[in-house]
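These are my notebook entries on a single protein chain. I set down what I looked up, entry by entry.

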Amino acid sequence: QPQDTPLQVVILGAGVIGLSTAHVLSTRYPSYKITVVARDLPDEAGLLSQAWASPWAGADWSPIGDYDERRYKMELKTFNTLWDMLPTGLVRTLDSRICFAEPVDVGKLWYKDLPRDFRVLKTEELPAGLAAGVSFTTVSLNPQIYLPWLYHGLRARGVHFVRRKFESIAEAAEYFNGNGKGVVVNATALGARTLIGVEDQDVFPIRGQTILASVPNMHQFLSYPLGAGPCAITLSIGIWEIPTGHATYMIPRPSPEGHVLIGGTFQVGNWDLSVNHDTGKGIWQRASEIEPALKDERTRIISHNVGLRPARKGGPRIEAEWFKLPLQTDLLTKPRGSQTPQDLLVVHAYGFGAAGYQGSWGAAEEVVDILQASVQPNA
Ligand code: FAD
């Protein structure tokens, strides 16, 4: 890349991963020409679309699955960044408790140094029938406020947005002027399953049905496995091990109206976007048994929702890949002008499942590191 030509970057996807990547990239390299291309953008219409995951998340940090070094680093970075954002009001703190039916060495839990104020619960603090427990302070954010904040901030600093659906990853090359050199970040989540050239069959949805409610005076993050009593989350729920079934959780958000996201389901491989009436009733019933505030007469249900968590067998894919253009499979797409043979560098960033928000800032740093190392290998 000659010194005087700014690098052109096309970020495909405007979910929390694409937007966070655009934020880190434009902060570190203000001269880069960044275009975000996405079928769904975080504007008024986009925030109501079920075609992408980000508007439908909790979204908080909670421990999912067993220790994984890469994920730990990603989530630690993200947690600390979100913690630093507390003064903005975009993020809030939540008391959180996790209890265990069987004895565990809670002091050795992999996440004990990740959130704040981690402590082991005293025996008298444990709900009846449970063997051990911990409490800590976590963070949550409101996707309906957070995504537009990222979007408008990026536009203000010159990042260009285009609403468009790609059939093929090769279409990104249309956005590179001059000699056609540039880099693509593929943050298409579930879209990576069908995007020509990528077609990753390890990508699958985990359906989440939830209820958004306005609940007065609720400040705790609560999570329970079905039928296991209060203050418990099953450690076997892990995006990396593919969670199944139902879990009852309530995530209060930063919102003046006391919004709480109440869940929910973890239905692996289920693409159904319609709200199931019986599932909704079950979610509300289980949550009301646990949280008395839901029975307060001021409590209001705002909406029943379904979102698809964009998961991937083996965890997220964050790596560079070179494509030779034109792709063999481009015959399947409409020809868009003449194509001259060239290489296309793509940094993939998809497959974050149930943890896209809680890994977002760390993932974005990793994507930008890989991107930079790929364009300037000797720097
Ligand atoms: P998405 O938000 O799906 O964005 C994908 C983007 O790619 C969109 O802009 C889309 O339009 C675009 N795209 C796809 N294909 C194409 C194409 N062919 N052409 C053009 N554009 C394309 N995470 C947490 O960390 N904490 C939580 O508490 C939490 N709770 C959740 C609760 C529920 C009910 C659900 C559903 C999810 C939850 N998540 C949570 C998960 C989180 O929402 C996701 O991990 C995250 O939103 C994934 O972001 P993403 O940017 O990878 O994908």
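Entry 1. I worked from a predicted model throughout. I looked up the domain division and found two parts in the chain: domain 1 (8–53 + 144–202 + 314–375) and domain 2 (92–138 + 204–312). Where they touch, domain 1 supplies 15 residues and domain 2 supplies 12 residues. I then sorted the side of domain 1 that faces this contact by class, and recorded eight nonpolar, five polar and two charged residues.

**Entry 2. Overall make-up.** I counted five helices and 14 strands in the chain. Of its 379 residues, 45% are buried. I also checked the contacts between residues at least 6 apart in sequence; 80% of these join residues at least 24 apart.

**Entry 3. Nonpolar cores.** How many residues does the largest nonpolar core have? I noted 89 residues, and those with the most contacts inside this core are Ile 11, Leu 12, Val 184, Val 185, Ala 349 and Val 367. I recorded that the core lies between domain 1 and domain 2, because both of them give residues to it. Another core, of six residues, lies apart from the largest one; Cys 99, Phe 100, Val 134 and Phe 136 are among its members. As general background, I noted that nonpolar side chains in soluble globular proteins tend to be buried together.

**Entry 4. Helices H1 and H3.** A packed helix pair is described by the angle between the axes and the distance between them. For helix H1 (residues 16–28) and helix H3 (residues 143–156), I recorded an angle of about 35 degrees and axes 10 Å apart. Their crossing is left-handed. Which residues of H1 and H3 meet? From H1 I listed Val 16, Leu 19, Ala 22, His 23 and Ser 26, and from H3 Leu 147, Leu 150, Tyr 151 and Leu 154. By class, this contact holds seven nonpolar and two polar residues, and no charged ones.

**Entry 5. Cis peptide bonds.** I noted a cis bond from Gly 58 to Ala 59, with omega near 0 degrees. Ala 59 sits in the loop that runs between strand E2 (33–38) and helix H2 (69–84). I noted another cis bond from Gly 263 to Gly 264, with omega near -15 degrees. Gly 264 belongs to strand E11 (residues 259–268).

**Entry 6. Positive phi outside glycine.** I looked up Asp 117 and found its phi near 60 degrees, a positive value in a residue other than glycine. Asp 117 is placed in strand E4 (residues 116–120). Is Asp 117 buried or exposed? I counted Asp 117 as exposed because it has 11 C-beta neighbours inside 10 Å, and a residue with 12 or fewer is classed in that way.

Glu 199 also has a positive phi, near 40 degrees. I located Glu 199 in the loop between strand E7 (183–186) and strand E8 (203–214). With 12 other C-beta atoms within 10 Å, Glu 199 is exposed.

Terms used: Residues numbered from 1 in each chain as written. Predicted model: local features only at pLDDT ≥ 70, side-chain atom pairs only at ≥ 80, totals over all residues. Core = buried A, V, L, I, M, F, W, Y, C linked by C-beta atoms within 7 Å. Buried ≥ 20, exposed ≤ 12 C-beta atoms within 10 Å, placed from the backbone. Domains from an automatic or database assignment. Helix = DSSP H or I, 4+ residues; strand = E, 2+ residues; numbered from the N terminus. Contact = placed C-beta atoms within 7 Å. Axes fitted to C-alpha atoms, helices over the stretch in contact; angles between N-to-C directions. Left-handed = near helix turned anticlockwise from the far one by under 90°. Nonpolar A, V, L, I, M, F, W, Y, C, P; charged D, E, K, R; others polar.
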